[in-house]
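I opened my notebook to get to know a new structure. Here is what I looked up, entry by entry.

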Amino acid sequence: MYQPVNTQAANLVNYLLHLGDNALILSQRNSEWCGHGPVLEQDIAITNISLDLIGQARSFYQYAASLEGGDATEDSLAYLRGERTYLNCLMNELPNGDWGQTIMRQFFFSVYQQLLYNALLQSRDETVAAIAEKSLKEVTYHVRWSSEWVIRLGDGTDESHARMEKALNMLWSYTGEFFMPAGYETAAVAEGIGADVAALQQRWMEQVAAVLQEATLPVPVAGKTWMQSGGKEGKHSEHLGFLLAEMQYLQRAYPGATW
Amino acid sequence: MNIRLTKYYYGDIPEENTGGGAGTVTVKDVAGWPLWEVFIRSKQGLDHKHVGSLQAADAQMAIENARDVYTRRSEGISIWVVESKHIHASNPDDAGAFYEPANDKVYRHPTFYDLPEELKHM
């Protein structure tokens with residue numbers, strides 16, 4: 001039922017899966033905070049973001065399933081694919097670490113997502129543009145919320161500053177993948193459907209640097225760090241398999257189970 | 001590693017088990033953040049209504065927390081927050097002196113006028 005990665009015919013489907021997977025996998029990670037947030041209000045905030053991201057993933061999966069036809073559904077795309085056919089960026093599947101690491105990742109990703117969806121407003125594919133438009137309002141809040149927390153913790157106590165700096169160092173080498181286009185992204189750009197991610201990097205860097213400076217955190221020099229990649233092509237870290245095992249368990253054990 | 005969890009309900013913690021050694025252990029606010037009262041306006045033209053309270057480090061965080069806690073189901077279009085310590089309340093002990101004298105003064109209600117039929121919304 002699922003097309004292999006990078007076949008010509010499946011470019012748009014892969015592109016949609018990539019967008020959906022980024023949202024779903026980060027959503028699944030953030031949802032692990034449910035009941036464990038540092039305070040009640042932030043527990044609700046991070047799980048709200050999870051729900052926003054699930055909503056976005058559903059939109060992309062529904063569209064992908066309609067293009068794929070057959071018996072593909074949003075659920076089959078989420079629950080019945082293995083990790084080699086998941087096309088999310090590596091950063092999104094990393095374990096949460098502490099609250100600081102979760103915040104830093106959300107910040108990096110949300111700034112990227114905001115630039116990406118803004119670019120997708122110009123997509124020739126009306127459905128893609130519509131999903132981007134609807135999601136932008138949510139993402140704008142995610143950027144605001146996560147920036148606020150990066151600043152608050154970076155410019156906070158010695159302990160919070162040290163943790164944010166550690167998170168920054170730990171996550172930085174995963175930021176480069178956002179801007180390295182996979183084959184299906186390049187193809188989607190050529191058709192006027194997708195966004196040119198490489199072109200977003202400059203603005204992402206500026207926006208991130210401004211917040212890091214305000215947070216009194218060191219701003220990494222662009223181009224100086226070796227960057228991780230592979231997630232967009234289905235080559236994942238060891239963490240994704242465990243994440244999927246938990247997320248997909250019920251549908252794998254009881255196929256077709258419903259509420 | 002064994003972790004023993006004991007669940008206590010309000011009021012049934014045995015005296016000798018309260019506190020940890022010398023002195024009293026107070027249940028501190030989470031992270032030591034102050035409490036804020038939240039007021040939400042559900043639509044234009046209506047008043048802000050008190051909806052609850054939450055904890056936050058400052059006003060901006062209080063507003064964002066209120067957005068996440070109290071407006072998730074489209075409850076509002078405007079949020080006010082005020083730190084709880086700035087709210088002064090009447091003392092329940094004063095209730096008699098404050099409110100009961102009004103009970104036998106029906107003439108203070110504007111119900112002794114005959115209103116013209118065409119007058120609406122009074």
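**Chain A at a glance**

I began with burial: 57% of the 259 residues of chain A count as buried. I kept in mind that this is a predicted model.

Next I went through the secondary structure, and chain A has ten helices and zero strands. Read along the sequence, the pattern of chain A is α-α-α-α-α-α-α-α-α-α.

I also looked at contacts in chain A with a separation of 6 or more, and 80% of them join residues 24 or more positions apart.

**A helix pair**

How do helix α1 and helix α5 of chain A pack? I found an angle of about 155 degrees between helix α1 (residues 11–31) and helix α5 (residues 99–120), with the axes 12 Å apart. An angle over 145 degrees counts as roughly antiparallel, so α1(A) is roughly antiparallel to α5(A). The crossing of α1(A) past α5(A) is left-handed.

I then listed who makes the contact. From α1(A) come Tyr15(A), His18(A), Leu19(A), Asn22(A), Leu26(A), Arg29(A) and Asn30(A). From α5(A) come Thr102(A), Arg105(A), Gln106(A), Phe109(A), Tyr112(A), Leu116(A) and Leu120(A). I sorted the residues of this contact into seven nonpolar, five polar and two charged.

**Salt bridges**

A reminder to myself: side chains of opposite charge can pair when their charged atoms come close.

I looked at Arg81(A) and Asp21(A), whose side chains meet in a salt bridge at 2.7 Å, N to O. This pair links distant parts of the chain, 60 residues apart. Arg81(A) sits in the loop between α3 (74–79) and α4 (90–93) of chain A, while Asp21(A) belongs to helix α1 of chain A. Are these two buried or exposed? Both Arg81(A) and Asp21(A) are buried.

In chain A I also noted a network of salt bridges that links Asp98(A), Glu159(A) and Arg163(A).

Then I turned to chain B. Arg67(B) forms a salt bridge with Asp68(B), and their closest N and O atoms are 2.8 Å apart. Arg67(B) has a relative accessible area of 28%, so I wrote it down as partly exposed. Asp68(B) counts as buried because its relative accessibility is 2%.

My last entry is the salt bridge of Asp104(B) with Lys105(B), where the closest N and O atoms are 3.3 Å apart. Asp104(B) has a relative accessible area of 58%, so I marked it as exposed.

How values were computed: Residues are numbered from 1 along each chain as its sequence is written. Chains are lettered from A and ligands numbered from 1 in the order in which they are written. This is a predicted model: local features need pLDDT of at least 70, side-chain atom pairs count only at pLDDT 80 or more; totals for chains, interfaces and linings use all residues. Side-chain values use heavy atoms; hydrogens and water are left out. Axes are lines fitted to C-alpha atoms, for helices over the stretch in contact, and angles run from 0 to 180 degrees between N-to-C directions. Helices (H or I, at least four residues) and strands (E, at least two) are DSSP runs, numbered from the N terminus. Angles under 35 degrees count as roughly parallel, over 145 as roughly antiparallel, 65 to 115 as roughly perpendicular and the rest as oblique. A crossing is left-handed if the near helix is turned anticlockwise from the far one by less than a right angle, and right-handed if clockwise. Contact means heavy atoms within 4.5 Å. Ala, Val, Leu, Ile, Met, Phe, Trp, Tyr, Cys and Pro count as nonpolar, Asp, Glu, Lys and Arg as charged, and the others, Gly among them, as polar. A salt bridge is a side-chain nitrogen of Lys or Arg within 4 Å of a carboxyl oxygen of Asp or Glu. Buried means under 20% relative accessible area, exposed over 50%, partly exposed in between (1.4 Å probe, protein chains only).
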